[in-house]
Each structure stands twice: as C-alpha cells, then as structure tokens.
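Please look through the following structure with attention to backbone angles and to aromatic ring pairs, which the paragraphs below take up in turn.

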Amino acid sequence: MRKVRISHVPVYACQDCSAYELVPSIKPDLVCYIHSLGEVDSRMNVSFADTYEPAAVLREVLSLSLDSVQEIQKQCNIAFDDRINMLLDLYRVAKIKGDSVWIAEIQTRLRKLTAFMKIQKEYLEYCMN
C-alpha cells in the first residue's frame, strides 16, 4: 500500500540509465525487516540502516562528503575493518563470559559485514574500470 518509505537500502545504481537494483544478498534481511513492521495504519519513514549493520556502516561513510570513488572505497574499507575489529573484541568478551546467545548474534553480524564488504569491494572495483 506504499505507506512505508524505507531509506538507506543498498542498491546497485546505473549512472547511465538511472536504473537501480537491490543488492541480492540483502533481500532476505529486507524481507524480514518489512515483515517486522507489521500492519501500518499511517505513512511512516524508516531506515534499514537501523537494523542492518552493513547499511549503517555504509551510511556513515557516505555522510562524509567524499569527492571520489577512491576516497569512498578507502573509507569503506576502514569503516568495515573497524566495525569487524570491534565485533571481534566483543566476541572475545562473549566467549570469556560463555554467553552463547551473544556469541551467535556477533557471528551473524560478522557474517553479514564480511559478505557485504566483499560485494561492496567488487562493485567499487567494477565502477573504477
């Protein structure tokens, strides 16, 4: 019914024809997010970056007003590496505490970040060629 506007959803965009396509690997997470919204009675704006960590990291980088694809790629690498390192530190603490639920959550977050980082690098390399 088009009552919900979801921002910060990673897409592939064509500079020539203005077409865009959802990054395939995030579709399951986006579908899950849409279902979590439930029935919506009025118009609302939400951010996918609030629940999908790779989109949050990407949003942070893109808010930096960078001038070139190379700068964006460099900052993406730094931001994703920093987030992964933070999660690895948290994983160590969760492992010490023996918190299996927390460990599983961190592993899921790490999988999503590393998968998205790989896709993002491939896409930026393609754009530079």
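S65 has a relative accessible area of 63% in this predicted model, and because the cut-off for exposed is over 50%, S65 counts as exposed. The residue sits in the loop between helix 2 (53-62) and helix 3 (69-97), and S65 has a positive phi of about 55° although it is not a glycine. A positive phi, near 65°, is also found at H8, again a residue other than glycine. H8 belongs to the loop between strand 1 (4-7) and strand 2 (11-13), and with a relative accessible area of 39% H8 is partly exposed.

The aromatic side chains come next. The count of aromatic pairs comes to four. One of them joins Y52 and F116 in an edge-to-face arrangement, with 6.4 Å centre to centre and 80° between the planes. Y52 lies in the loop between strand 4 (44-47) and helix 2, whereas F116 lies in helix 4 (residues 100-128), so this pair ties together parts that are 64 residues apart in sequence. Both Y52 and F116 are buried.

F116 also pairs with F80, and here the rings are stacked, at 5.9 Å centre to centre and with 20° between the planes. Since F80 lies in helix 3 and F116 in helix 4, the pair ties together parts that are 36 residues apart in sequence. F80 is buried, with a relative accessible area of 0%, and F116, at 5% relative accessibility, counts as buried as well. Ring pairs link these residues into a cluster that consists of Y33, F48, Y52, F80 and F116.

Note on methods: Residues numbered from 1 in each chain as written. Predicted model: local features only at pLDDT ≥ 70, side-chain atom pairs only at ≥ 80, totals over all residues. Heavy atoms only, no water. Helix = DSSP H or I, 4+ residues; strand = E, 2+ residues; numbered from the N terminus. Buried < 20%, exposed > 50% of the residue type's maximum accessible area, 1.4 Å probe, protein only. Phe/Tyr/Trp six-rings, centres within 6.5 Å; stacked < 30°, edge-to-face > 60°.
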